[in-house]
Amino acid sequence: TAYGATAFCDGGSVILDAGLFDSYLWSTGETTQSIVATDDADYTVIVSLADGCTNAATLSVTVYAAPEPIINGGNSFCSGSFLMLATGSFPYYSWSNGTTNETISVTDSGMYSVSVYDANGCMGTASHTVSVNANPVPEITGGNSFCANSFLVMNVGSYLHYLWSTNATIDTITVAAAGDYTITVTNGNGCTGTASQTVVVNANPNPAITANGATTFCSGDSVTLDAGTYSSYLWSNNATAQSVAITSSGSYSVTVTNGNGCTGITSQTVTVNANPSTTITGVNSFCYGGSATLDGGSGYAHYLWNTASTSESITVTSGGTYTVTVTALNGCTGIASKTITENTNLILVITGTNAFCSGNSTTL
């Protein structure tokens with residue numbers, strides 16, 4: 001007699017009882033009236049009475065193997081996503097998260113287990129550990145602005161794969177236009193992250209030099225050139241101030257830098273005319289009662305002597321220093337001086353007798 005089902009799942013058992021006799025011998029070697037059967041087998045018992053009579057009986061026990069589910073679907077996923085876990089086809093499922101479907105969707109790290117039951121009612125279990133991988137957080141470096149006619153190099157760091165909004169697939173790109181630039185990176189776990197950068201193109205300054213006077217002038221004068229208001233300056237003569245005083249001819253350029261670090265350049269030509277170099281010609285001295293003609297040089301537009309004469313040459317009748325200021329056609333002036341000596345005439349005295357007798361003589 002079986003006290004329970006003779007077909008059960010692995011791990012179960014059934015009590016087999018041979019009834020009341022004097023002795024017992026089971027096929028398992030046991031000699032008790034009843035035994036506990038746990039294996040899939042035919043169980044035979046030989047019973048004996050005191051008179052030596054025997055008989056035998058056999059009972060088959062069936063043990064069903066427990067199902068062995070395997071959880072499929074991977075063991076990791078990226079943050080913000082999910083993972084589908086499945087364990088194959090069984091009549092009934094019981095997951096650790098309370099789900100009773102064949103497939104579950106998980107969004108958190110952890111260990112997920114499932115109990116399945118087959119058609120025989122046998123149960124099998126499986127467990128699966130799932131981890132959530134963090135998404136990369138890329139950062140674009142290289143700045144967000146550059147000057148017109150230049151470019152900007154942007155870098156996003158080291159990852160496995162890259163895809164820029166420009167379709168570039170490298171870590172570094174060079175941009176030459178304003179706009180919004182986006183990068184999607186993929187790390188070794190296959191997780192992705194996105195970063196964006198708005199790039200601005202700053203205009204270069206357009207400086208203009210102003211002069212506080214004429215940029216063509218005579219030697220000895222000067223002009224101040226002013227580049228306007230900016231953050232910094234570098235003139236071609238190495239000056240670094242906003243304005244410079246110029247005293248010699250040349251082309252003067254200045255590179256200015258504005259608050260965005262952008263530069264512009266402009267230049268101004270300055271012409272410095274040489275002053276005329278004249279010499280007064282004429283004698284250096286004359287005798288009392290005489291005169292001297294002094295000439296200030298030819299080819300000048302204007303003359304002014306210290307005698308108030310405005311002619312090229314003057315005649316002087318007394319000694320002294322004579323100065324002439326000449327003006328060239330370009331308006332530049334030069335000055336020359338000459339000292340004239342007026343010599344005193346000789347005072348002669350004739351010596352000798354004032355009278356002598358006829359026939360004599362005198363020496364004067």
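Begin by selecting Cys 78 and Cys 191: they form a disulfide, with their sulfur atoms 2.0 Å apart. Keep in mind as you look around that this is a predicted model. Now trace the chain away from each end of the link. Cys 78 lies in strand β8 (residues 76-78) and Cys 191 in the loop between β18 (179-186) and β19 (192-202), so the pair ties together parts that are 113 residues apart in sequence. Turn the view to look along the S-S bond: the torsion there is about -95 degrees, so this disulfide is left-handed.

Next, select Cys 147 and Cys 262. Here is another disulfide, with the sulfur atoms 2.0 Å apart. Cys 147 sits in strand β14 (residues 145-147) and Cys 262 in the loop between β25 (250-257) and β26, so this pair links distant parts of the chain, 115 residues apart. Both cysteines are buried, and the link is left-handed, with -95 degrees about the S-S bond.

Move on to Cys 218 and Cys 332, joined by a disulfide with an S to S distance of 2.0 Å. Cys 218 belongs to strand β21 (residues 216-218), and Cys 332 to the loop between β31 (320-327) and β32 (333-343); the pair therefore ties together parts that are 114 residues apart in sequence. Cys 218 counts as buried at 13% relative accessibility, and Cys 332 is buried at 0%.

How many disulfides does the count come to? The count is 4. With the bonded cysteines of the protein numbered in sequence order, the pairing reads 1-3, 2-5, 4-7, 6-8.

Now for a sheet. Select β20, β22 and β24: they make an open sheet of 3 strands in the order β20-β22-β24, with antiparallel pairing. Its edge strands are β20 (210-211) and β24 (243-246), each pairing on one side only. Zoom in where β20 meets β22 (residues 223-226), and look for the 2 bridges that join them. Ala 211 stands opposite Leu 225 in β22.

For the last stop, select Thr 278, in the loop between β26 (263-273) and β27 (285-287). Thr 278 counts as buried, at 10% relative accessibility. Show its surroundings, and you will find that Thr 278 touches residues including Tyr 300, Val 326 and Ile 335. A polar atom of the Thr 278 side chain lies 2.5 Å from the backbone oxygen of Gly 296.

Terms used. Residues are numbered from 1 along each chain as its sequence is written. This is a predicted model: local features need pLDDT of at least 70, side-chain atom pairs count only at pLDDT 80 or more; totals for chains, interfaces and linings use all residues. Side-chain values use heavy atoms; hydrogens and water are left out. Two strands pair if DSSP finds at least two bridges between them. Helices (H or I, at least four residues) and strands (E, at least two) are DSSP runs, numbered from the N terminus. Buried means under 20% relative accessible area, exposed over 50%, partly exposed in between (1.4 Å probe, protein chains only). A polar contact is a pair of N or O atoms within 3.5 Å; within protein, one must be able to donate a hydrogen and the other to accept it, and residues adjacent in sequence count only if both atoms are side-chain atoms. Contact means heavy atoms within 4.5 Å. A disulfide is a pair of cysteine sulfur atoms within 2.5 Å. Lists of a residue's contacts leave out its neighbours within four places in sequence.
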